[in-house]
Amino acid sequence: MLDEKAAYLYNRGEYFHAYHSLGAHPQEIDGVRGTGFVVFAPKASAVNVVGDFNVWCGEGFAMQPLEGGFWQLFVPGVAPGALYKYCITTQDGRVLYKADPFAFASEKRPGTASRVADISEFRWHDAKWLAARRKHSHFERPMNIYEMHLGSWRRHDATTDNPEGFWDYTELAEQLPPYLKKMGYTYVEFMPLMEHPLDDSWGYQITGYFAPTSRFGEPQGLMHLIDALHQAGIGVILDWVPGHFCRDEQGLAEFDGTPLYEAEDHAVWGTYKFNFTKSEVQSFLISNAFFWLEQYHADGIRVDGVTSMLYLNFGVDNPAKKRYNPDGSEECYPASAFIRKLNQTVSSYFPDVFMVAEESTAWPLVTYPPSAGGLGFHYKWDMGWMNDTLRYMSIDFPGRPYNHRLLTFSMMYAFNENFILPLSHDEVVHGKCSLIGRMPGDYWRQFAGLRLLYMYQLTHSGAKLNFMGSEIGQFIEWRFAEQLEWFLLDYPAHLAHQRFVAAANQIYLKERALWQQNYAWEGFVWEEADNEQQGVLIFRRQGRRARDFLLVILNFQPQTYYDYSVGVPHGGRYSEILNSDAADFGGSGKINPQEIRAVKLPKLCGEAQLMHGQPYAIKLTVPPLGGVIIKPHS
């Protein structure tokens, strides 16, 4: 069950597969089938296993203490499906009933027990996907992420057996992969699927770090969903919360009667911060990351709330309560050291997966390796781009010339990190309005603005992330307790918008210039950045080959510009491959349907003339509140 070496490594913060030993493991000993239980509770005076197999009475089920603070017991006859908890007697005589921190499954809320599960029975069919993942770096693949809250994507009508109407993992495995494939997304990111007691937390306040939430079925069901996504060519990113955990009495809080996992109160979320100075906490959390990568074949982990981990004074408004290091800094050194260790260790064991930071400040070198002084993440959410762009898009058209820099400032730092451009769930809740609800103007202009926003994101350097519902132009904010308003697709404008998103995503997949050099200046060339009066941006996205480029023209004003001259580097023929103003997408039809010939600019007084720094020029119709992608003929 638990050997001395494993216990030793756990206490040193170096046991990264602790789920192989700790928790509840169905097994056979001397011909007797049952379940072995192992728990870490170093300050407990006694620990008993209780469950539905002993009428929740711990008498006769006392766990045996081991060196290093561990307790273990083999219970004959206990099979997968059994409910259990640990009955912990503290040193001051209290009795606590705790769920298993390493449980692979949980009782469905409002129940709070752990459930014995054998997750080794599932047979995967994604070998082809994993082989391709090893062969091709994620940096060299198109990354277009669909962010999801699993409980509110779709729901059934409520029944007695399913009052919330949740789809289970198996139903999602049938419906989600073909939808994402049709829409042209390359990854899906699930908001936390680890067991959590409160729906309102959206999964970000966890009690069962190793247990997929039972709201949607059994652990094998989630494996089946991920397997189906992989077989459809869709990668899976899991949101993960190592910064804090909830206070619920069955969870990690004061697990053995002492603050075993926690360091202090979280100033913002009413939770506990993990104590990163403890080696055992490091083993617990790194093992948890390994668990989802190894056992559930996750392709990436997005670490939630990195900013709250890095700063000592995150969320502390009272100057009298702020803390500083002797050097005057606010860095939480144990947390930053843990993050570096986490990322370094994950990269060592899983070189073909990636780690993503939700970090909202200008913390330096987030996506640089620890050897270069960085935190070791592969990607960082670009919250600056998100804030500036959404602020600009919400400004009425007469005011946009005075705020043009909001559109272009992101390129001042675009390659300081490996960025993901997020239009996430956080931007469509708490009174911020839906994305389309932020757009000024009438109904037509709102849809045109939303298409333009999406086209700007898609053609800007960096990976992309959009929260579910944006692809159908949902007007209301996201509501976690009900499904998306799919009925909107009965209305032509919403159906046309979904058609645009799918078409734009397919262009993104097909055109290597949009992602081949996504994280370096070699992949982006400004042509016109300062035309604030007309609200026009022009830039090129460049692939590795010189002639593998696309020309992007974006118009953020509701006027149409005819015979608009745009510089190009080569002569020959060009064609429009995407226009957000096409009638099929709900636009006004101001398109460029014919082939476009580039004209070499004449000399003036013996000097070669240039347009946007280029020796050739084409003339286009630039649509109102629209974007155009032009491609040269090879």
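Which residues does Asp 581 touch, not counting residues up to four places away in sequence? Contact here means heavy atoms within 4.5 Å. By that rule, Asp 581 touches Trp 444, Arg 451, Gly 587, Ser 588, Gly 589, Lys 590, Pro 623 and Pro 624.

Some ground rules. This is a predicted model: local features need pLDDT of at least 70, side-chain atom pairs count only at pLDDT 80 or more, and totals for chains, interfaces and linings use all residues. Residues are numbered from 1 along each chain as its sequence is written, and side-chain values use heavy atoms, with hydrogens and water left out.

Back to Asp 581. Find it in the loop between β27 (572–579) and β28 (596–600). Strands are DSSP runs of E, at least two residues, and helices are runs of H or I, at least four, both numbered from the N terminus. Asp 581 is buried. Buried means under 20% relative accessible area, exposed means over 50%, and partly exposed is in between (1.4 Å probe, protein chains only).

A salt bridge needs a side-chain nitrogen of Lys or Arg within 4 Å of a carboxyl oxygen of Asp or Glu. Lys and Arg count as positive, Asp and Glu as negative; His and the chain ends are not counted. A polar atom of the Asp 581 side chain does lie 2.9 Å from the backbone nitrogen of Lys 590.

Now for residues that do pair. Side chains of opposite charge can pair when their charged atoms come close. How many salt bridges are there? The count comes to 26.

Look at Arg 302. It forms a salt bridge with Asp 239, with the closest N and O atoms 3.2 Å apart. That pair links distant parts of the chain: Arg 302 sits in strand β18 (residues 300–303), Asp 239 in strand β14 (residues 235–240), 63 residues apart. Arg 302 also bridges to Asp 304, at 3.0 Å between the closest N and O atoms. Arg 302 counts as buried because its relative accessible area is 0%. Asp 239 is at 0% too, so it is buried. Asp 304 is buried as well.

Compare Arg 94 and Asp 92. Their salt bridge has its closest N and O atoms 3.1 Å apart. Arg 94 is partly exposed, at 32%. Asp 92 is at 54%, so it counts as exposed.

One last stop: Arg 109, Glu 164, Glu 195, Asp 199 and Arg 215 are linked in a network of salt bridges.

Notes: A polar contact is a pair of N or O atoms within 3.5 Å; within protein, one must be able to donate a hydrogen and the other to accept it, and residues adjacent in sequence count only if both atoms are side-chain atoms.
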